[in-house]
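This briefing is meant for someone meeting the structure for the first time. Please look over the sequence and the model first, and then read the points below with both in view.

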Amino acid sequence: MRVTPTRRHFLAGSATLALSPLLPSTFAHAEQPAPRHGFSVFGELKYPADFKNFAYVLPDAPKGGSFVFSAPNWYYNQGPNTFNTLNGYTFKGDAPPRVELTFDTLMTAALDEPDSVYGLVAESVTVSADRNRYTFTLRGNVRFHDGSPLTAEDVAFSFQLLKDKGHPDISQAIREMTDVRANGLRDLVVTFSGKQSAKTPLIVASTLPIFSKAYYSTRDFEASTMEPPLGSGPYRIAAVNAGRSIVYERVQDYWGRDLPVAVGTGNFDRIRLEFYQDEDVEFEAFAKGELTWREEFSSKNWATRYNFPAIVDGRVKKPPFPAERRADMYGWFFNLRRPQFSDPRTRQAIGLVFDFPWANKNLFYGLYKRSASFFDGSDFAASGLPSPAELALLEPFRAELPAAIFTDAPFTLPESDGSGRDRKQLRAASALLAEAGWKRDGAKLVREDGTRLTAEFLIQTQAFERVLAPLIDNLKAIGVDATMRLVDATQYQRRKNDFDFDIMAYRNMFDATPIDGIEQLFGSVSADTPSGSNLSGVKNKVVDALVTKAGAVTSRDELVTVLRALDRVLRSQQIWFPAWGSDEHRVAAWDMFGWPEVKPDYGFSPEMMWWVDADKAVAIGKAD
């Protein structure tokens with residue numbers, strides 16, 4: 001099973017339901033010129049060349065029925081809760097989730113391994129001794145949905161097109177791909193500069209969609225369009241109601257349906273996504289059975305609203321599923337392009353007065369834990385004193401870094417007394433603001449140059465209003481002119497793309513081996529790229545150096561060391577104040593589905609791995 005990311009969740013994750021595919025670096029086996037059925041970033045593959053299916057699927061899962069859900073709100077940290085194009089790989093417009101299901105990739109990820117991929121369109125790959133040239137041999141039976149053959153020429157065309165005209169999150173990630181060319185109908189040779197990161201070859205192999213060269217010979221790839229694209233994947237677009245719904249239908253004669261990487265997946269005949277501007281309307285649609293699956297991201301809803309009749313009589317279940325073993329970053333990011341946020345002490349002070357214990361008790365029903373790290377929930381999160389290996393990485397930059405990085409545990413916001421207005425923390429915040437040059441002018445704070453300390457929280461959902469209101473009251477108490485602005489989805493996305501905000505929430509779930517995505521999120525090269533993912537605009541040479549180090553690691557232990565050091569530096573820069581998270585998926589579903597016994601550690605994709613249980617569906621009146 002695989003889901004190819006569109007440009008809106010190209011970074012690891014982007015926190016979609018499905019895992020962003022994973023990517024390779026230095027392989028002990030890469031020196032061998034023999035073709036391989038898959039490859040990994042570190043170590044050997046779990047599955048042999050003759051494997052029949054992934055262990056986390058039901059190989060003989062029944063086909064049929066529908067999976068109906070709404071475009072998840074948290075996904076729209078990346079964009080608005082609507083869509084106006086079916087082209088998800090360029091600047092123009094906002095594409096719907098799962099449009100990637102219409103396309104195939106050369107290889108696909110195993111969701112029970114942190115960094116392994118196996119052949120899909122490509123039956124094998126041969127890696128040169130210097131690891132700069134990858135030769136993919138395509139299967140001979142690959143077809144687009146119109147019946148035309150998919151050849152190496154189509155793949156070469158697609159990869160070059162994405163490098164030249166794709167969204168920056170894509171084109172930047174593959175910039176060290178220096179050449180891609182077809183050698184006949186079935187062989188594709190991809191060449192890298194030698195400066196590529198450890199994962200770049202797998203970004204190319206397992207995340208880039210394959211387009212039809214003939215199809216785009218008469219169409220503008222960069223255009224915003226509602227014409228369903230021609231793909232070769234397990235689903236095609238069957239119906240579109242612009243901005244409101246989209247239906248993907250299973251391709252009955254999908255060329256790859258019997259491949260080991262596809263067996264047990266793509267079980268629904270139809271996958272339908274509905275788009276709602278009103279969250280209450282969305283919830284009621286699920287309660288009435290118009291939607292059949294829902295992941296709940298509101299603690300208030302989870303604690304208070306799941307008592308409707310279908311829950312009470314058992315027609316709707318709430319099965320438990322653990323979260324993925326992947327780093328999760330969620331917080332309120334400052335726009336460092338704004339002059340009032342130029343001093344890290346100012347940013348620290350604002351974060352200091354958010355009383356999470358009070359919010360968790362009074363607003364979140366005790367369902368969350370406070371985030372602390374940019375790699376929360378993973379081995380990459382720094383803790384305690386820096387190790388000797390971390391210190392060795394940081395030492396060359398001692399003059400540019402706070403002294404505490406070398407001697408203390410990584411920066412973590414102190415826990416308040418839970419009163420909602422911890423006077424000790426308000427005093428500490430006021431002291432930091434004074435150190436940063438802010439002085440009282442009546443009820444406001446100003447600097448000598450006349451700049452007022454203002455802070456507008458940009459939001460697109462009313463759910464944040466009750467969370468931010470107490471924080472804003474605390475900020476006003478210490479002189480910060482704080483406000484919140486609720487805007488519609490289109491304006492929210494435009495202002496995000498243009499970096500026209502003071503503070504906004506952002507979540508990103510990394511893949512299990514986060515190497516390349518971190519450059520788009522934190523690298524100076526992406527700080528001024530319109531529509532880019534460096535939301536805060538951080539430009540820091542130590543961060544850049546560690547991002548580069550991460551791209552050159554040769555073992556997972558080395559990657560852990562580099563990212564823990566990076567985490568310490570990022571935390572010291574105060575570019576955010578962390579939000580909250582959970583170690584489980586809060587899922588509710590109409591009792592008509594079956595699913596595999598064991599959830600894989602690195603992905604959660606019900607729409608691709610669940611199936612309709614016909615007897616259950618009949619029992620609750622949900623049979624097609």
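Predicted model: local features only at pLDDT ≥ 70, side-chain atom pairs only at ≥ 80, totals over all residues.

Asp502 and Arg338 form a salt bridge in which the closest N and O atoms are 2.7 Å apart. This pair links distant parts of the chain, since Asp502 sits in the loop between helix H14 (489-497) and E21, while Arg338 sits in the loop between E15 and helix H8 (344-352), 164 residues apart.

**Salt bridges and a polar contact**

- Asp502 counts as buried, at 9% relative accessibility, whereas Arg338 is partly exposed, with a relative accessible area of 21%.
- Arg568 and Glu390 also meet through their side chains in a salt bridge, at 2.6 Å from N to O; Arg568 belongs to helix H17 (residues 556-573) and Glu390 to helix H10 (residues 388-394), so the pair ties together parts that are 178 residues apart in sequence.
- Salt bridges that share partners bring Arg338, Glu456, Arg485, Arg495, Asp500 and Asp502 together in one network.
- Glu227 and Arg219 form a salt bridge between their side chains at 3.1 Å, N to O; Glu227 is partly exposed, with a relative accessible area of 34%, and Arg219 is partly exposed as well, with a relative accessible area of 33%.
- Over the whole structure, a search finds 40 salt bridges.
- Asp169, which has its place in helix H2 (residues 168-171), counts as buried at 5% relative accessibility, and its side chain is joined to that of Ser533 by a polar contact of 2.8 Å.

**Strand E15 and its partners**

- In strand E15 (residues 328-334), seven of the seven residues are buried, so the strand is largely enclosed by the rest of the structure.
- E15 runs antiparallel to strand E21 (residues 503-509), to which seven bridges join it; within this pairing, Phe334 has Ile503 of E21 as its bridge partner.
- E15 is also joined by three bridges to strand E22 (residues 576-578), again in an antiparallel arrangement, and here Gly331 stands opposite Pro578 in E22.

- Four strands make up an open sheet with antiparallel pairing, in the order E5-E6-E8-E7.
- The edges of this sheet are strand E5 (122-127) and strand E7 (177-183), each of which has a single partner strand, so one side of each is left without a neighbour in the sheet.
- From one strand to the next, the twist of the sheet averages 20°.
- E7 is joined by six bridges to strand E8 (residues 187-192), the two running antiparallel, and Asn183 stands opposite Asp187 in E8.
- Helix H1 lies across strand E6 (133-138), E7 and E8, and runs at about 160° to E7.
- Helix H3 (residues 200-207) packs on the sheet too, where it touches E6, E7 and E8, and its direction makes about 150° with that of E8.
- H3 is mostly covered, with eight of its eight residues buried; among them are Leu202, Ile203, Val204 and Ala205.

**Nonpolar cores**

- As a general background, nonpolar side chains tend to be buried together in soluble globular proteins.
- The largest nonpolar core here has 58 residues, and the residues with the most contacts inside it are Leu106, Phe136, Phe159 and Leu188.
- Helix H1 (residues 152-165) gives the most to this core, contributing six residues.
- Apart from this core lies another one, of 45 residues, which includes Phe406, Val553, Leu559 and Ile575.
- When residues up to four places away in sequence are not counted, Phe136 touches Leu106, Met107, Ala122, Ser124, Val125, Arg186, Asp187, Leu188, Val190 and Ala205.

How values were computed: Residues numbered from 1 in each chain as written. Heavy atoms only, no water. Core = buried A, V, L, I, M, F, W, Y, C linked by side-chain atoms within 4.5 Å. Buried < 20%, exposed > 50% of the residue type's maximum accessible area, 1.4 Å probe, protein only. Contact = heavy atoms within 4.5 Å. Pairing = 2+ DSSP bridges. Polar contact = N/O pair within 3.5 Å; in protein donor to acceptor, adjacent residues only side chain to side chain. Salt bridge = Lys/Arg side-chain N within 4 Å of Asp/Glu carboxyl O. Axes fitted to C-alpha atoms, helices over the stretch in contact; angles between N-to-C directions.
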